[in-house]
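Hello,

Here is the structure we spoke about handing over. My notes on it follow below.

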Amino acid sequence: IARRQRQMCIRDRVSAAIEISDLKEKLAETDYISAKIAEGAATREEYMDKLAERASWRAKINELEAMI
């Protein structure tokens, strides 16, 4: 049973690491939004939905990193 629990724990960590990687990739793909806002080429209102999504991705990353 202890070995099975270790294997499940390892699988959970690997799964979390994969999810973190995927979320970080999504953040990287949408970094242009922050740059546009910082440069004044766009407003937060224009990207409100995507900014909220990015915030949720960062929160999930923090949650998963705490598990690893």
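**Salt bridges and other contacts**

The count comes to four salt bridges. Please keep in mind that the model is predicted.

E65 is partly exposed at 38% relative accessibility, and K24 is partly exposed at 42%.

Another is formed by D31 and R54, whose closest N and O atoms are also 3.4 Å apart. D31 lies in helix α2 and R54 in helix α3, so the pair ties together parts 23 residues apart in sequence. D31 is partly exposed at 41%, whereas R54 is buried at 7%.

E63 and K60 meet in a salt bridge as well (3.3 Å, N to O). They are three residues apart in α3, about one helical turn.

On α3 itself: the helix has 20 residues and reaches 29 Å from its first C-alpha to its last, close to the 28 Å expected. Its buried residues are L51, R54, W57, I61 and L64. They cover an arc of only 145° around the axis, which puts them on the same side of α3. On the other side, M48, D49, N62, A66 and M67 are exposed.

There is one aromatic pair. The rings of Y32 and Y47 have centres 6.4 Å apart and planes at 85°, so the pair is edge-to-face. Y32 is partly exposed at 44% relative accessibility, while Y47 is buried at 18%.

Regards

Notes
Residues numbered from 1 in each chain as written. Predicted model: local features only at pLDDT ≥ 70, side-chain atom pairs only at ≥ 80, totals over all residues. Heavy atoms only, no water. Phe/Tyr/Trp six-rings, centres within 6.5 Å; stacked < 30°, edge-to-face > 60°. Buried < 20%, exposed > 50% of the residue type's maximum accessible area, 1.4 Å probe, protein only. Helix = DSSP H or I, 4+ residues; strand = E, 2+ residues; numbered from the N terminus. Expected span 1.5 Å × (residues − 1). Arc of directions from axis to C-beta. Salt bridge = Lys/Arg side-chain N within 4 Å of Asp/Glu carboxyl O.
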